[in-house]
Amino acid sequence: MNKAIRSSTLTRTRLIEGASQVFASLGVQGATTREIARVAGVNEVTLFRHFASKEQLLGAVIKNALALQTEALAHPQAWTQDLKIDLIRYGHLYNTMLEAQEDLIRTFIGEAKRHPEAAKQVIQEAAKPLGEKLVAYLQSSQKRGTVRADIDLFSAVDMFKGMLLAGMLCRSANCTQGSYSCEDYIETCVDIFVCGISATALSVVNTAVSHTQETTALAIATE
């Protein structure tokens, strides 16, 4: 890498880091390119050489926050095909991102209704790849018959990520009940989630229901 490219890369990194700080403290609407440039230690002209708009910079901030987790899940060989093992790994990766970006996440949640449509679209598109990795994995599990075919995987994944988000927010605000650890919470989320989507669990439930119905019918017939 030559000096010019290295300098450009460092400047881009500083802009993304500066933007992350400003978005976290001022929100999407309150953040200005002038303030971002100031925090990054560059002038506004330099900022616009790298990013055409504040929204484009917002997308880069979110993609950067998710980059390590997305990359870790990008390779099929990384999955063991054991639902519980793989989802616990995903849960820990996702939780690491949540904890590292807590201030930014709380800001986005707090002002979500005030986001301009352009910013909402940027946030959604930037965050999409990480969720898609898990949806793709569960789709392959459906084909193997280990995940229920009747499950809407997009809503299921949103629910799973929502449980992890709620756990991080509660822990950081010290409003949890009991003395369980982060690891305990993630494993409990996975246990509940796997029980809900597992084809094996559904088969057991259907067998139990069928047995109960047969027993009830037999009891009525012998009365």
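**Helix packing, salt bridges and aromatic pairs**

Buried here means under 20% relative accessible area, exposed means over 50%, and partly exposed lies in between, using a 1.4 Å probe and protein chains only. Before I go on, the ground rules. This is a predicted model, in which local features need pLDDT of at least 70 and side-chain atom pairs count only at pLDDT 80 or more, while totals for chains, interfaces and linings use all residues. Residues are numbered from 1 along each chain as its sequence is written, and side-chain values use heavy atoms, with hydrogens and water left out.

First topic, helix 2. Helices are DSSP runs of H or I with at least four residues, strands are runs of E with at least two, and both are numbered from the N terminus. Which residues of helix 2 are buried? In this helix, residues 33-40, they are Thr33, Ile36, Ala37 and Ala40. Looking down the helix axis, these buried residues fall within an arc of 100°, so they line one face of helix 2. The arc is taken from the directions that run from the helix axis to the C-beta atoms. What does the buried set pack against? Its partners are helix 1 (3-30), helix 3 (44-50) and helix 4 (54-72), where contact means heavy atoms within 4.5 Å. On the other side of helix 2, Arg34 and Arg38 are exposed. Just after the helix comes Gly41, with a positive phi of about 80°.

How many does a search of the whole structure find? It finds eight. The criterion is a side-chain nitrogen of Lys or Arg within 4 Å of a carboxyl oxygen of Asp or Glu. I'll go through three of them.

Arg34 pairs with Glu44, and their closest N and O atoms are 4.0 Å apart. This bridge links distant parts of the chain, with Arg34 in helix 2 and Glu44 in helix 3, 10 residues apart. Arg34 is exposed, at 63% relative accessible area, whereas Glu44 counts as partly exposed, at 28%.

The next bridge joins the side chains of Glu102 and Arg106, at 2.9 Å from N to O. Both residues are in helix 6 (residues 102-110), four residues apart, which is about one turn of the helix. Glu102 has a relative accessibility of 22% and counts as partly exposed. Arg106 is partly exposed as well, with a relative accessible area of 33%.

For the third, go to helix 7. Lys128 forms a salt bridge with Glu125, and the closest N and O atoms are 3.2 Å apart. Because the two are three residues apart in helix 7 (residues 117-144), about one helical turn separates Lys128 and Glu125. Lys128 counts as partly exposed at 34% relative accessibility, and Glu125 counts as partly exposed at 37%.

The structure holds five aromatic pairs. Rings of Phe, Tyr and Trp (its six-membered ring) pair if their centres lie within 6.5 Å; planes under 30 degrees apart are stacked, over 60 edge-to-face, and the rest tilted.

Trp79 and Tyr137 make a stacked pair, 4.2 Å centre to centre with 15° between the planes. This pair links distant parts of the chain: Trp79 is in the loop between helix 4 and helix 5 (83-100), Tyr137 is in helix 7, and they are 58 residues apart. Trp79 counts as buried at 10% relative accessibility, and Tyr137 is buried at 3%.

Now back to Phe160. Its ring and that of Phe193 have centres 4.7 Å apart and planes at 25°, so the pair is stacked. Why does this pair tie together separate parts of the sequence? Phe160 is in helix 8 (residues 153-172) and Phe193 is in helix 9 (residues 182-197), so the joined parts are 33 residues apart in sequence. Phe193 counts as buried at 1% relative accessibility. Tyr90, Tyr94, Phe160 and Phe193 form one aromatic cluster.

Last, Leu73. Where is it? Leu73 sits in the loop between helix 4 and helix 5. Leu73 is buried, with a relative accessible area of 3%. Leaving out residues up to four places away in sequence, Leu73 touches Trp79, Arg89, Tyr90, Leu93, Leu130 and Lys133. Of these, Leu93 is 20 residues from Leu73 in sequence and 9.1 Å from Leu73 in space, C-alpha to C-alpha.
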